[in-house]
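Dear colleague,

I am handing over the structure below, together with notes on what was found in it. Please read the notes alongside the coordinates.

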Amino acid sequence: MQRSIGKFGCLFLCLLLLASCGQAGSTGELKKAGLLVPDTVNDQVWGTKGYKGMLKIQSTYNIDVYYKEGMNTPLVVERAVKEFSQKGVNLIFGNGSEYAEYFNELSSKYPDIHFVSFNGDAKNANTTSLNFEGYAMGFFGGMVAGEMTETNIVGIIAAFEWQPEVKGFYEGVTFQNKDADVKIQYVGHWDDTIRASELMDSLIEMKADVVYPAGDGYNVPVIEKVKEEGLYAIGYVSDQSDLGKSAVLTSTIQHVDVLYELVAEKFNNGELDSGNLSFDFQDEVISLGTYSSEMDQDFINQLNEAVENYKATGELPNH
């Protein structure tokens, strides 16, 4: 499904357009931008953040921006790229890891378009893959879990084994609490809420009292179940404290929308590198979210100090 970016969130868009009144059109490389999402921009997590990033690009550069939902097969992606090309789009974001492979196949046909994906392997001169360095955010989230667990059983419901935040979380828990036992469960998909719910039930049976749902499509329903059970959660991708200010101890935030802006700026200035690029706390695109009132202020101060030291030195506690 294709939509003009302006048909979603009218009030928000109007405010952005008002803010951009009087700006000149883009005078650099960026002409028009397009977004492909595998599911929807209404997921309130990854897809929504990508969409908000496009709104910011539209406002900053006063350009036309488009998006397409349900772009989850090679055929529909190829059709979408062709349509975007006909509209004059020269920067396309694929909001997921699957797009790296699609874009590697298509990019040679569209040398005037730069293709940007996430967490993949970009192989051509006009392709870039953006990678959030998830280990450190997972480590800090794990420190919180290790500090706050009372049963000494902590759970992770991850999408895939390759996620660096999973290892980081595990090591953060054990750094903070040598007695903690970390139970790791894998969904095998970013969005399988049914499977994630089943795994949450098993963690409840294991007496886990802090859970990290590290998958953007299912973390909200998992956190809702955490609240029902009177347990704690660590939010993922977004600041999810609004789901439960006490239950959500903090969140490991990936500021996808900020990264979109950063990439658009680099592209507009002719400075966007091809290949695989990594971003972390130092780039201001990863952070921890709001802290729960259940957490002790002395520990919060310790954690903030550790984050600032990591940003300055690249060193994690005890590493």
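The cover over the buried residues of helix H4 (residues 99-106) includes strand S2 (33-36), helix H3 (74-87), strand S4 (91-94), strand S5 (114-118) and strand S6, where contact means heavy atoms within 4.5 Å; helices (H or I, at least four residues) and strands (E, at least two) are DSSP runs numbered from the N terminus. Six of the eight residues of H4 are buried, namely Tyr99, Ala100, Tyr102, Phe103, Asn104 and Leu106, with buried taken as under 20% relative accessible area (1.4 Å probe, protein chains only).

This is a predicted model, in which local features need pLDDT of at least 70 and side-chain atom pairs count only at pLDDT 80 or more, while totals for chains, interfaces and linings use all residues. Residues are numbered from 1 along each chain as its sequence is written, and side-chain values use heavy atoms, with hydrogens and water left out.

Leaving out residues up to four places away in sequence, Leu30 touches Ile57, Tyr61, Ile63, Asn90, Leu91, Ala264, Phe267 and Asn268.

Asn177, in the loop between helix H6 (164-176) and strand S8 (181-186), counts as buried because its relative accessibility is 11%; its side chain reaches the backbone nitrogen of Asp179 at 3.0 Å. Beyond its neighbours within four places in sequence, Asn177 is in contact with Gly146, Thr149 and Asn152.

Asp209 lies in the loop between helix H7 (193-205) and strand S9 (210-214), and with a relative accessible area of 9% this residue is buried too. Not counting residues up to four places away in sequence, Asp209 touches Thr149, Glu150, Thr151, Ile153, Leu231 and Tyr232. From C-alpha to C-alpha, Asp209 and Val222 are 13 Å apart in space, and they are 13 residues apart in sequence.

Kind regards

Technical notes. Buried < 20%, exposed > 50% of the residue type's maximum accessible area, 1.4 Å probe, protein only. Polar contact = N/O pair within 3.5 Å; in protein donor to acceptor, adjacent residues only side chain to side chain.
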